[in-house]
Amino acid sequence: MIGWTRTSPRWAAVFICVAAIAFPAGRVLRVDWIAYLADLLLVLPFSYLAWQAWRSAGTRSENL
C-alpha cells in the first residue's frame, strides 16, 4: 500500500475527519467559533486536493 497513488496526504484526511465532527457540533450547538473552524478545516484540505488535481490534469494533457 505504500506505493498506492492518488491518495490524499494524511494531514488532509485528518482535517476532513475533524471537520466532519466539528461541522454538526458547531451548527447544532450554535457556537460560532466551532462553525468557523469547521468551515476552515473543510476549505483547506479540499482546496489543496483540488489544486493538486488541477496541476496533475494539466501535466497529463501536455503529455498527450
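Where do Trp11 and Phe15 lie, and how many residues apart are they? Both sit in helix H1, 4 residues apart, which is about one turn of the helix. Keep that pair in mind as we walk through the chain.

A word first on what you are looking at. This is a predicted model, in which local features need pLDDT of at least 70 and side-chain atom pairs count only at pLDDT 80 or more, while totals for chains, interfaces and linings use all residues. Residues are numbered from 1 along each chain as its sequence is written, and side-chain values use heavy atoms, with hydrogens and water left out.

Let us start with the overall layout. The chain holds 2 helices and 0 strands; these are DSSP runs numbered from the N terminus, with helices (H or I) having at least four residues and strands (E) at least two. Of the 64 residues in the chain, 14% are buried. Here buried means under 20% relative accessible area, exposed means over 50%, and partly exposed is in between, with a 1.4 Å probe and protein chains only. The accessible surface of the chain is about 5400 Å², and 69% of this belongs to carbon and sulfur atoms. Such areas come from the Shrake-Rupley method with a 1.4 Å probe, and for residues only the protein chains shown count as cover.

Now follow helix H1. With 20 residues, H1 reaches 28 Å from its first C-alpha to its last, close to the 28 Å expected at 1.5 Å a residue; the expected span is 1.5 Å times one less than the number of residues. Its buried residues are Ala12, Ala19, Ala22 and Gly26. Ala13, also in H1, is partly exposed at 32% relative accessibility. Ala13 and Phe46 are 33 residues apart in sequence, yet their C-alpha atoms are 9.7 Å apart in space.

Back to our opening pair. A pair of aromatic rings is described by the distance of the centres and the angle of the planes. Rings of Phe, Tyr and Trp (its six-membered ring) pair if their centres lie within 6.5 Å; planes under 30 degrees apart count as stacked, over 60 as edge-to-face and the rest as tilted. This rule gives 3 aromatic pairs. In one of them, the ring centres of Trp11 and Phe15 are 5.6 Å apart and the planes stand at 80 degrees, so the pair is edge-to-face. Trp11 is partly exposed at 37%, and Phe15 is partly exposed at 28%. Ring pairs also bring in Tyr48, linking Trp11, Phe15 and Tyr48 into a cluster.

After H1 comes Arg30, in the loop between H1 and H2. Arg30 counts as exposed, with 70% relative accessibility.

Our last stop is a contact between charged side chains. Side chains of opposite charge can pair when their charged atoms come close. A salt bridge is a side-chain nitrogen of Lys or Arg within 4 Å of a carboxyl oxygen of Asp or Glu, and the count here is 1. It joins the side chains of Asp39 and Arg27, at 2.9 Å from N to O. This pair links distant parts of the chain, with Asp39 in helix H2 (residues 32-63) and Arg27 in helix H1 (residues 10-29), 12 residues apart. Asp39 is partly exposed, with a relative accessible area of 30%, and Arg27 is partly exposed at 35%.
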